[in-house]
Amino acid sequence: MTPNISLIIINSFSISYGGESTIATYACIGYIICIIYLILQGVGDGSQPLISKYYGERNFDNMKNIRKLACGFALLLSLIGCAVMYITREKLGILFGASSEVNTEISKIIPIFLMSVPFVAINRITTASFYATEKSAFSYILTFIEPFLMLVLMLILPPLFGGQIMIWWSTVFARILSAILALILKQRVDKGEMTLCST
């Protein structure tokens, strides 16, 4: 549900600042970058049963090793995906039948979005690990904080610092802040598990 909420927010602000061409630009970028997001989701979902198993056994060392492996693999895949999309950025719009003007915009704008992909990797794996370890409240926070931050940033940044370009950057900043929050929550949970392990 949250990707759709984010899409509504981005499109609503984009139509105000950039018009219909920006909607077409983001539609293509959204479809393209979704490929990487689904791969990252797969890594998170694939690691979840193992994390849950070791959590149930109170084997926190193995649980953390699986989480580190998943996070490292997700980051590697995100970097490979970003490299491929950056190299082919001038042809990506053509795959979706975009006009030459929109294709040019996509090639200019997609590097901005690619900057946030490694942070999405961190968020996806951390969210999956929270689901697997009975920390559903933290998972919900990480799931819904991104569109909330997007909305807040889009209300503040575009009027102050440059219109449509700040709509794009607001999505990146929201994902970076979400990943930072994910790491803070993970550190807090890990401390609690260390205390539990020592008692």
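Mentor: Helices here are DSSP runs of H or I with at least four residues, and they are numbered from the N terminus. The model is predicted, so local features need pLDDT of at least 70 and side-chain atom pairs count only at pLDDT 80 or more, while totals for chains, interfaces and linings use all residues. Residues are numbered from 1 along each chain as its sequence is written, and side-chain values use heavy atoms, with hydrogens and water left out.

Trainee: Which helix holds I156, and is I156 buried, partly exposed or exposed?

Mentor: I156 is found in helix α7, residues 136–161. Buried means under 20% relative accessible area, exposed over 50%, and partly exposed in between (1.4 Å probe, protein chains only). At a relative accessible area of 42%, I156 is partly exposed.

Trainee: How many residues of α6 are buried?

Mentor: Helix α6 covers residues 117–132, has 16 residues and reaches 23 Å from its first C-alpha to its last. That is close to the 22 Å expected at 1.5 Å a residue, the expected span being 1.5 Å times one less than the number of residues. The rest of the structure largely encloses α6, because the number of its 16 residues that are buried is 13.

Trainee: Which residue forms a salt bridge with D190?

Mentor: A salt bridge is a side-chain nitrogen of Lys or Arg within 4 Å of a carboxyl oxygen of Asp or Glu. The structure holds 5 of them. In this one the closest N and O atoms are 2.8 Å apart, and the partner of D190 is R67.

Trainee: How many residues apart are D190 and R67?

Mentor: D190 is buried at 13% relative accessible area, and R67 is buried at 10%. D190 is in helix α8 (residues 164–198) and R67 in helix α3 (residues 60–87), so the pair links distant parts of the chain, and the separation in residues is 123.

Trainee: What separates K108 and E105 in their helix?

Mentor: Their side chains meet in a salt bridge, 3.4 Å from N to O. K108 is exposed at 54%, whereas E105 is partly exposed at 32%. Because they lie 3 residues apart in helix α5 (residues 100–114), the separation is about one helical turn.

Trainee: Which helix holds R175, the partner of E146?

Mentor: E146 and R175 form a salt bridge with their closest N and O atoms 3.2 Å apart. The two are 29 residues apart, with E146 in helix α7 and R175 in helix α8.
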